[in-house]
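Subject: Structure handover

Hello,

Here is the structure I promised to pass on. Please open it first, then read my notes below.

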Amino acid sequence: MTDPVNVIDSAARGLSYARRVRRGSVGAALTPYLYILPAVLIVGVVIVYPLVTIFQESTQTLSTGTSQYVGTANYDLVRTDPVFWQAVRDNATLLLAVPILVVLSLLFAVLLFERVRGWRIYRTLIFLPYIMAITVIGTVFGLLYEFDGPLNVALRGLHLNWLALDWLGNANLAIPSVMSVIIWRELGFGTILFLARLMSVREELFEAARLDGANWWQVQWHITVPQLRTVIEFFIIEIINMMSGVFNYIYVMTSGGPGFASQVLEFYIWQNAFAFRQGGIAAAAVLLLGVTVVFIFLQFRVRRGGAVADE
Amino acid sequence: MPVPGRRSVRRRAISPGSVLKQIALWLICSVALIPLYFLIVTSLKSKTEYLLNMWGLPLRPTLENFSTAMADGRLIAWTWNSTVVTFLSVAVCTVVSALAAYAFAQMQFRGRDVLLNIFIAMIVIPPVIMIIPLFILMVNINLVNTYWSAIVIYAGLMIPFSIYLLTNFFRTVPREIIDSGQIDGCSRLRIFTALILPLSLPALVTLVIVNALFVWNELLIALTFLQDDSVRTLMAGLTEFKGRFFLNQPLIMTGALIATVPMIIVYVAGQRYFVRGLVAGAVK
């Protein structure tokens, strides 16, 4: 057969021959760098360059045209801004979603794994929210949570008037309401993830535990959780990563409100830089970077721990 | 993936425990479905009917919302913009990351581990930190309000995770396969395209899905760099649509529903790859 693939094949072989002749020269030593060059260039522009310049910008006024060195004035502005600290608190509060998600996902993954009747249908339905775009979800829940919206109409219909709260308009409830939407969406992903891992665990492990007289909870605690450790860690890192993208939910559902009650750092920085056009907010970005560095260390620790567990 | 006939759990079908499990699953599935039900039925109601009948099926179903929402063709244009930006940024990211991951996983060179660790560290840096310098940069080179600003930024943001995932996967390709390729006289590039890439198809599918979902959903970069209506993405467009018709809830739901259709099509068409791919990368 003289199909095109063969032609390319022999052409490639000819090429590689030429390359082998050159091997040992400077060219061969440079080859690995050529493979990573495009990635380094793009990341250099999109991540490294901004990270370097953000420090410089954080010490300047960014008013139109001329920028002036102002020392730590921007940092003082951010440090003394109560909204900044509100944003820090709200970010921290949202992290509560992580343990909730892990526990709920584990629970439903185990239930599905036990082949409850109709588990395949349940599996498909639980996953559905995850395929919805976050902006769409935020829009839908924004309506559902309106004070005179469907949720409260239903609650009042059930004579639960005391529960019909102003979900997004109450300063104390806005962040928990947003968190509930995040959990609603991510639960499907966690469940499917854990279920897939469970299915690759050897059945004998469960059988042995049951024969030894372990009850349901003991089986989960001593077999399921340890077996799923690496996947759980992966999921936690994924969720924390996603939490830094929580801008979407906030922008669509609360716009940071009521007042400044539901800020997250991402929204705070964006709003000050682009909506309020307040210069010097780069300082806040630098502070956020400081927090991120802590996460980077955590991430490396988890990865190293995971690698040890695999061996 | 499930191995049929391996389980012996079926026998406890009617115990009280299984009733509890049914209730728990039934509850969580209802919670998952109710907002979707609300989205669909509300889009078929008029504003008046919505106010009187928020939860019920539409008594006088109308498609008027759909014709209003589609009238100016902007939803279609935004969908096209999202498609272009998603496709190109994911393509650039996948090619560039696969090449780099190949070098990290299979080649020896000075500074390799340090470079790889730097890439991995970048995974968790929130995009908002970069956004101010990037915006100034893009203004200076006149790329704001062009697809290219968003495509380059998205690609750059996705590359660290992509390299991490692919490097891990490429490392699992058995040494003998690569050696046999070398004995057959394959070049490095040929070993990559003919041996490693096909073997890593599950990881590549996962990556494309995860990345495409990220770009499709992303709002922060889209709002900042694609402000002009001619380049606006679907998700940014939806927020604008929502702001414009904020008094007409059924119309907003119709816009949200239309914005969901492309995802549903992709999901239904590739359901198997979608779920399997999403999970495969993590479970290995």
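Chain A has 311 residues, and 37% of them count as buried. Please keep in mind that this is a predicted model. The secondary structure of chain A comes to 15 helices and 2 strands. Take the contacts in chain A between residues at least 6 apart in sequence: 68% of these join residues at least 24 apart.

Next, the contact between the chains. Chain B puts 78 residues into it, and chain A puts in 80. Which helix gives the most to the side of chain B that touches chain A? That is α1(B), with 14 residues. By class, this side of chain B divides into 60 nonpolar, 11 polar and 7 charged residues.

On the chain A helix, the residues in contact are A:Val136, A:Thr139, A:Val140 and A:Leu143. They meet B:Gln249, B:Ile252, B:Met253, B:Ala256, B:Ala259 and B:Thr260 in α13(B). By class, this contact has 7 nonpolar and 3 polar residues, with no charged ones.

The second pair is α14(A) and α6(B). The crossing of α14(A) and α6(B) is left-handed. Here A:Glu266, A:Ile269, A:Trp270 and A:Ala273 meet B:Val128, B:Ile131 and B:Ile132. The contact of α14(A) with α6(B) has 6 nonpolar residues, no polar ones and 1 charged one.

Now to chain B by itself. How is chain B divided? Domain 1 takes in 14-67, and domain 2 takes in 69-283. The C-alpha centres of these two domains of chain B lie 33 Å apart. Their contact takes 11 residues from domain 1 and 11 residues from domain 2. On the domain 1 side, α1 (16-43), α2 (47-52) and α3 (64-70) of chain B each supply at least two residues. Of the residues on that side, α1(B) gives the most, with 4. By class, the domain 1 side has 4 nonpolar, 5 polar and 2 charged residues.

You will find B:Tyr154 in helix α7 of chain B, residues 147-171. Is B:Tyr154 buried or exposed? The cut-off for buried is 20 or more other C-beta atoms within 10 Å. B:Tyr154 has 26 C-beta neighbours inside 10 Å, so B:Tyr154 counts as buried. Set aside its neighbours within four places in sequence, and B:Tyr154 is in contact with B:Ser89, B:Val215 and B:Ile221. B:Val215 is 61 residues from B:Tyr154 in sequence, yet their C-alpha atoms are 6.9 Å apart in space.

Best wishes

Terms used: Residues are numbered from 1 along each chain as its sequence is written. Chains are lettered from A and ligands numbered from 1 in the order in which they are written. This is a predicted model: local features need pLDDT of at least 70, side-chain atom pairs count only at pLDDT 80 or more; totals for chains, interfaces and linings use all residues. Two residues are in contact if their C-beta atoms, placed from the backbone, lie within 7 Å. Ala, Val, Leu, Ile, Met, Phe, Trp, Tyr, Cys and Pro count as nonpolar, Asp, Glu, Lys and Arg as charged, and the others, Gly among them, as polar. Domain bounds come from an automatic or database domain assignment. A residue is buried if 20 or more other C-beta atoms lie within 10 Å of its own, exposed if 12 or fewer, and partly exposed in between; C-beta atoms are placed from the backbone. A crossing is left-handed if the near helix is turned anticlockwise from the far one by less than a right angle, and right-handed if clockwise.
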